[in-house]
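User: I've got a fold open on my screen and would like to talk it through. Can you take my questions one by one?

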Amino acid sequence: MSNGKALPVLEPDADAVPCCPPLTERRMTAEEAESAAKMFKALADPVRLRLFSAVASRGGGEACVCDISDVGVSQPTVSHHLKKLREAGLLSSERRGTWVYYRVEPSVLAAMGMILGTAARPGG
């Protein structure tokens, strides 16, 4: 279900270290392609994309797992997918009492945006 809010547009972060150059700048090395593929692969699963969106759309870009786990799969499956998003560097987490809170990593998103940004613009 949509709440009608779009994901925030992130400006390139001065601290962001992109894994790779924009797609239109030069060909990626094998290592750069491997790094970028890891991030994009993590978002290629519909459940992971929904979980990522649930975290990103929460105020402050942070959400308790208790507030985002209603994505149509079991709790262990939610945990598995959140782990994959953490391993890809897209989310970070912090345990507070019995709950785990997830945060979007804005520098990684900015770096991903830099990879696609030039290619996505007309004439880019």
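This is a predicted model: local features need pLDDT of at least 70, side-chain atom pairs count only at pLDDT 80 or more; totals for chains, interfaces and linings use all residues.

User: Is S92 buried or exposed?
Analyst: S92 sits in strand β2, residues 91-96; strands are DSSP runs of E with at least two residues, helices are runs of H or I with at least four, and both are numbered from the N terminus. Its relative accessibility is 18%, so S92 counts as buried.

User: Which residues does S92 contact, leaving aside neighbours within four places in sequence?
Analyst: Contact here means heavy atoms within 4.5 Å. With those neighbours set aside, the partners of S92 are Y101, Y102, R103 and E105.

User: In what order do the elements of the protein chain run?
Analyst: The chain's secondary structure comes to five helices and three strands. Read from the N terminus on, the order is α-α-β-α-α-β-β-α.

User: Which residues of α1 are buried?
Analyst: α1 has 14 residues and reaches 20 Å from its first C-alpha to its last, close to the 20 Å expected at 1.5 Å a residue. That expected span is 1.5 Å times one less than the number of residues. The buried ones in α1 are E32, A36, M39, A42 and L43.

User: Which residues make the nonpolar surface patch of about 240 Å²?
Analyst: Patch members need over 30% relative accessible area and no salt bridge; like charges are joined within 9 Å, and nonpolar side chains (Val, Leu, Ile, Met, Phe, Trp, Tyr) within 5 Å. A salt bridge is a side-chain nitrogen of Lys or Arg within 4 Å of a carboxyl oxygen of Asp or Glu. L23, in the segment before α1 (30-43), is partly exposed at 44% relative accessible area. The patch is made by L23, F40 and L116.

User: How many disulfides are there?
Analyst: C64 is buried at 2% relative accessible area, whereas C66 is partly exposed at 37%. A disulfide is a pair of cysteine sulfur atoms within 2.5 Å. By that rule, the count is zero.

Conventions: Residues are numbered from 1 along each chain as its sequence is written. Side-chain values use heavy atoms; hydrogens and water are left out. Accessible areas come from the Shrake-Rupley method with a 1.4 Å probe; for residues, only the protein chains shown count as cover. Buried means under 20% relative accessible area, exposed over 50%, partly exposed in between (1.4 Å probe, protein chains only).
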